[in-house]
Amino acid sequence: MSTDWRWEYDPDHEHVAGGIPGHVVAEVERLVGQLVDLASTGIDVSDFGNGPRPGGLRRMDAAGGWFYFLVAPRAPLIIVVRIMPPFDVL
């Protein structure tokens, strides 16, 4: 089992990021990459962003919108489940 942190879209890129402007997707991917880098150094990222408690679904601002993600430390994986672009580009 690998201990290298990674991230992915769930269920896939098209479902989560399809139709969203490229600059928003790029910012989300940059931020998730930084979360992976932090997690790789041993920092617990399960309470980063906004959420009712550590762990579970988290929300983080990105490019005027936001995205939702889950942290799965046993995997070790960060899962992006939804991207909400700024309302002016919807």
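Okay, so this structure holds two salt bridges, a salt bridge being a side-chain nitrogen of Lys or Arg within 4 Å of a carboxyl oxygen of Asp or Glu. Before we look at them, a word on the source: this is a predicted model, where local features need pLDDT of at least 70, side-chain atom pairs count only at pLDDT 80 or more, and totals for chains, interfaces and linings use all residues. Residues are numbered from 1 along each chain as its sequence is written, and side-chain values use heavy atoms, with hydrogens and water left out.

Now, the bridges. Glu27 pairs with Arg30 at 2.8 Å, N to O. Both sit in helix H2, three residues apart, about one turn of the helix. (Helices are DSSP runs of H or I, at least four residues, and strands are runs of E, at least two, numbered from the N terminus.) Glu27 is partly exposed at 23% relative accessible area, and Arg30 is partly exposed at 40%; buried means under 20%, exposed over 50%, partly exposed in between, with a 1.4 Å probe and protein chains only.

The other bridge joins Arg59 and Asp61, with closest N and O atoms 3.1 Å apart. Arg59 is partly exposed too, at 25%.

Next, the core. A nonpolar core is a set of buried Ala, Val, Leu, Ile, Met, Phe, Trp, Tyr and Cys residues joined through side-chain atoms within 4.5 Å. The largest one has 22 residues, and Ile83 is among those touching the most other members. H2 gives the largest share, eight residues.

So what is Ile83 in contact with, beyond four places in sequence? Its partners include Tyr9, Val28, Trp66 and Phe67, contact meaning heavy atoms within 4.5 Å.
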